[in-house]
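Here is a short briefing on one protein model. Look at the sequence and the structure first, then read the points below.

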Amino acid sequence: MGNRKLPFGYQMRMGEIIRNESEAKAVQDIFLQYTLGASLKEIAEQMSKTDPSYDESKSWNKNMVARILADTRYLG
């Protein structure tokens, strides 16, 4: 997958950007865990145990979690 052009939780299908339900649920879980006080490392460890993966060739890490939390496209 490499560099992501779309935010995690979205995908391109037939030229249209649509919500990827399993990834979108993971994003919601990340924000919930963070608001409940989990550390970035703890969230990454939990995400590594579940699907979906952030990048097919890599395990979740705290930097991936931090990027999602800092991405203003998820606000709203």
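**An exposed loop residue**

M14 counts as exposed, at 84% relative accessibility. Exposed means over 50% relative accessible area, buried under 20%, and partly exposed in between (1.4 Å probe, protein chains only). This is a predicted model: local features need pLDDT of at least 70, side-chain atom pairs count only at pLDDT 80 or more, and totals for chains, interfaces and linings use all residues. Residues are numbered from 1 along each chain as its sequence is written, and side-chain values use heavy atoms, with hydrogens and water left out.

**M14 and its loop**

- M14 sits in the loop between strand 1 (10-13) and strand 2 (16-19).
- Strands (E, at least two residues) and helices (H or I, at least four) are DSSP runs, numbered from the N terminus.
- The phi of M14 is near 55°, a positive value in a residue other than glycine.
- Most residues other than glycine have a negative phi.

**Helix 2**

- I43, A44 and M47 are buried in helix 2 (residues 40-49).
- They lie on the same side of helix 2, because they cover an arc of only 100° around the axis.
- That arc is taken from the directions from the helix axis to the C-beta atoms.
- The face turned away from the buried side of helix 2 carries the exposed residues K41 and K49.
- The buried residues of helix 2 pack against helix 1 (21-35) and helix 3 (62-70).

**Helix 1 and helix 3**

- Helix 1 and helix 3 pack at an angle of about 90°, with their axes 10 Å apart.
- In this contact (heavy atoms within 4.5 Å), helix 1 supplies V27, I30, F31 and Y34, and helix 3 supplies V65, I68 and L69.

Conventions. Axes are lines fitted to C-alpha atoms, for helices over the stretch in contact, and angles run from 0 to 180 degrees between N-to-C directions.
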